[in-house]
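The sequence and structure are shown first.

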Amino acid sequence: MSLREQLEKAGIETDGHESDLYCKDTPLARQIIADSGWATADPFECAITGEQWLDVPFASISPMRHTSNRKGV
């Protein structure tokens, strides 16, 4: 199960941009992130709502995105 799926299953709101996963900053979110082995979760304040969120860099990269479209690779 992906980190996003784990967070959503726990009822934590998620979002993202490009390869980064965002989630609301809660003690449960921090615990799930730590237990899943991600080294970084940078806090930030949402510019729209003022709520605290966490940015987990590269956590939204699907393993399928690692395949190459180049011939012979």
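A polar contact is a pair of N or O atoms within 3.5 Å; within protein, one atom must be able to donate a hydrogen and the other to accept it. In this predicted model, the side chain of aspartate 20 reaches the backbone nitrogen of phenylalanine 58 at 3.2 Å. Aspartate 20 belongs to strand 2. With a relative accessible area of 18%, aspartate 20 counts as buried, because the limit for that class is under 20%. Leaving aside residues up to four places away in sequence, aspartate 20 touches Asp15, Asp55, Val56, Pro57, Phe58 and Ser60.

The sheet is open and has four strands in the order 1-2-4-3, with antiparallel pairing. Strand 1 and strand 3 are the edge strands; each has a single partner strand, so one side of each lacks a neighbour in the sheet. From one strand to the next, the twist averages 30°.

The elements named in this description have the following residue ranges.

| Element | Residues |
|---|---|
| Strand 1 | 14-17 |
| Strand 2 | 20-24 |
| Strand 3 | 42-45 |
| Strand 4 | 52-56 |
| Helix 2 | 27-35 |

Strand 3 pairs with strand 4 in the antiparallel sense, over four bridges. Across this pairing, proline 43 stands opposite leucine 54 in strand 4. Helix 2 packs on the sheet and touches strand 2, strand 3 and strand 4. The direction of helix 2 makes about 10° with that of strand 4.

Technical notes
Residues are numbered from 1 along each chain as its sequence is written. This is a predicted model: local features need pLDDT of at least 70, side-chain atom pairs count only at pLDDT 80 or more; totals for chains, interfaces and linings use all residues. Side-chain values use heavy atoms; hydrogens and water are left out. Two strands pair if DSSP finds at least two bridges between them. Helices (H or I, at least four residues) and strands (E, at least two) are DSSP runs, numbered from the N terminus. Axes are lines fitted to C-alpha atoms, for helices over the stretch in contact, and angles run from 0 to 180 degrees between N-to-C directions. Contact means heavy atoms within 4.5 Å. Buried means under 20% relative accessible area, exposed over 50%, partly exposed in between (1.4 Å probe, protein chains only).
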